[in-house]
Amino acid sequence: MIESRVMNSAVVAVGNELLIGKTVDTNGSWLSEKLTDLGVPVAGRWVTGDDPGSIQDCIKDALEKADIVIVTGGLGPTSDDLTRPAVADLFRHKLIEDPVLVQRLHDRFSAMGYDSLPQRNLVQAKVPEGAIVIDNKEGTAPGLIIEDAGRVVILLPGVPREMKMIFDLKVKEYINSQFRSHLIPTLERTFNTSGIPESLLAEEMAGHTDKFPPDVSLAFLPGLKGVSLRITTPDTDGKGLARLGLCEEVLMPVIAPHFYSMGATDIVDTLASLLLSAKKNLAVGESCTGGLISKRITDRPGSSRYFRGGIIAYDVETKSSVLGIEKQIIATKGVVSQEVASLLAERSARLMNADFGIGITGVAGPSVGSSDVPVGTVCYAVFGDGRVHTFQKVFGGNRQAVRTRAAQAALFSFFQMLTNKLD
């Protein structure tokens, strides 16, 4: 019986591909975030290979630290899927064939056009006796919940979309219904910034965070697209939202020049909202980013309402023949120059009859740089209302990092233009 206290959780990810580094354990990260949000702090995470003894050892270790253990992976139909029998043996539960699961497997393969069910898949219908079976509408491996002497082990498929679907639809509901009195949800707010390194942002905030209540935590989350600030607090007294509101009042005046959105909202979502509300549209002329800006925009459904299109003017001839950028300007100013970036933005907008334009050119590397224009040098520009703003920066990292940082910088400058923060 679980005493009246805060419960802990743990995550065990199973798979040789995870252990040797061929596949990143994204399931563990996702589950950790979801469990924390539910109010079940994660006491530890384990990664193990497809070995019954190792799987059992990890689960035993996890149960010493946690009340709920979630295991992902190893539930498939092949010879290396050993989680189910390993867990059944650990708890001394017999594996029994579930006729409902057998029928679901037959129905699923029939719906896919197969005349018969592969015999290997029948192992997925064998479940530890007494386990709660969770239907998997995305695949063939069901989720399983095993309750044993106050301990709970939940088995989920390793395929991310299947695992997430089962967790969101059923596991959250199970945890909430069974352990509600032991859960203390963690409240959070995330502030997304761009155009400033983590260290400088920390310096600007120095002293201001002293005004935070003692039970509020601040985390810096740097990435290639900027730095996010996450504030969290346990809602033990029902005043968590008030504490977060106080912290937001402290933070916003400090980070305002670099801030563009809250939560999981990408800067492209913010730009889409601004363009739609203004009934304006955008065109892009890209060189070094090779269409990355256009891709990020068009990844969003409905982007045709505000995005005219993009031109990847990668070589000099395309810049000249398609966008009409004079070769003399390219020769005298350099292909990587603020002048060329300015023309990429302006000519793209005019060619596609767009209200705004973004232009970008640079040296993404890893070679071809020079003493005057080193690798990582990027020039970009934003155009609108007959005016153009140009920028030149040197970004660090490999080719992918330079391109990602450059695209983000250009998008952030466009955000600043739309919100009248460039002048």
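Guide: We can start with T377, which lies in strand β16. Keep in mind that this is a predicted model.

Visitor: What does T377 touch, leaving out residues up to four places away in sequence?

Guide: T377 touches V336, T361, G362, V363, Q392, K393 and V394.

Visitor: How do I read a whole strand? Which residues of β3 sit on one side and which on the other?

Guide: In a regular strand the side chains alternate between the two faces of the sheet. In β3, I68, I70 and T72 are on one side, V69 and V71 are on the other, and all of them are buried. Strand β3 covers residues 68-72, and because 5 of the 5 are buried, β3 is largely enclosed by the rest of the structure.

Visitor: Which strand pairs with β3 in the parallel sense, and over how many bridges?

Guide: Strand β1, residues 9-14, pairs with β3 in the parallel sense over 5 bridges. Within that pairing, A13 has T72 as its bridge partner. Strand β8, residues 151-156, also runs parallel to β3 and is joined to it by 5 bridges. There, I70 stands opposite I154.

Visitor: Now the nonpolar cores. Which residues of the largest core touch the most other members?

Guide: A core is read as a group of buried nonpolar residues linked by their side chains. The largest one here has 32 residues, and L282, I293, I358 and F414 touch the most other members. At least two residues each come from α9 (267-278), β13 (282-286), α10 (292-298), β15 (356-362), β16 (377-384) and α14 (399-418). The largest share, 10 residues, is supplied by α14.

Visitor: What is F414 in contact with, apart from its neighbours within four places in sequence?

Guide: F414 is in contact with L271, L275, L282, F356, I358 and V382. Apart from this core lies another, of 30 residues, and C58, I59, L105 and V127 are among them.

Visitor: How should I read a helix? Which residues of α4 are buried?

Guide: Go along the helix and note which residues are buried. In α4, residues 83-90, these are T83, R84, A86, V87 and A88. Just after α4, R92 takes a positive phi of about 55 degrees.

Visitor: Turning to cysteines, how many disulfides does the structure hold?

Guide: The structure holds 0 disulfides. A disulfide needs two cysteine sulfur atoms within 2.5 Å. The sulfur of C288 has its closest cysteine sulfur in C379, 8.9 Å away, which is too far for a bond. C288 is buried, with a relative accessible area of 3%. C247 is buried too, with a relative accessible area of 0%.

Visitor: And charged side chains: how many salt bridges does the count come to?

Guide: The count comes to 18 salt bridges. To read one, find the closest N and O atoms, then ask where the two residues sit. R45 and D25 form a salt bridge with those atoms 3.4 Å apart. R45 lies in strand β2 (residues 42-48) and D25 in the loop between α1 (16-19) and α2 (26-38), so the pair ties together parts that are 20 residues apart in sequence. R45 is partly exposed, at 40% relative accessible area, whereas D25 counts as buried at 13%.

Visitor: Where do E138 and R161 lie?

Guide: E138 and R161 form a salt bridge, with the closest N and O atoms 3.4 Å apart. E138 lies in the loop between β6 (132-134) and β7 (143-148), and R161 lies in helix α6 (residues 160-179), so this pair ties together parts that are 23 residues apart in sequence. E138 is partly exposed, with a relative accessible area of 34%.

Visitor: What is the N to O distance between R151 and D148?

Guide: The side chains of R151 and D148 meet in a salt bridge at 2.8 Å, N to O. R151 is partly exposed, at 33%, while D148 is buried, at 18%. Salt bridges can also share partners, and in this way K225, D266, D269, R296 and R300 are joined into one network.

Methods. Residues numbered from 1 in each chain as written. Predicted model: local features only at pLDDT ≥ 70, side-chain atom pairs only at ≥ 80, totals over all residues. Heavy atoms only, no water. Buried < 20%, exposed > 50% of the residue type's maximum accessible area, 1.4 Å probe, protein only. Helix = DSSP H or I, 4+ residues; strand = E, 2+ residues; numbered from the N terminus. Core = buried A, V, L, I, M, F, W, Y, C linked by side-chain atoms within 4.5 Å. Contact = heavy atoms within 4.5 Å. Pairing = 2+ DSSP bridges. Salt bridge = Lys/Arg side-chain N within 4 Å of Asp/Glu carboxyl O.
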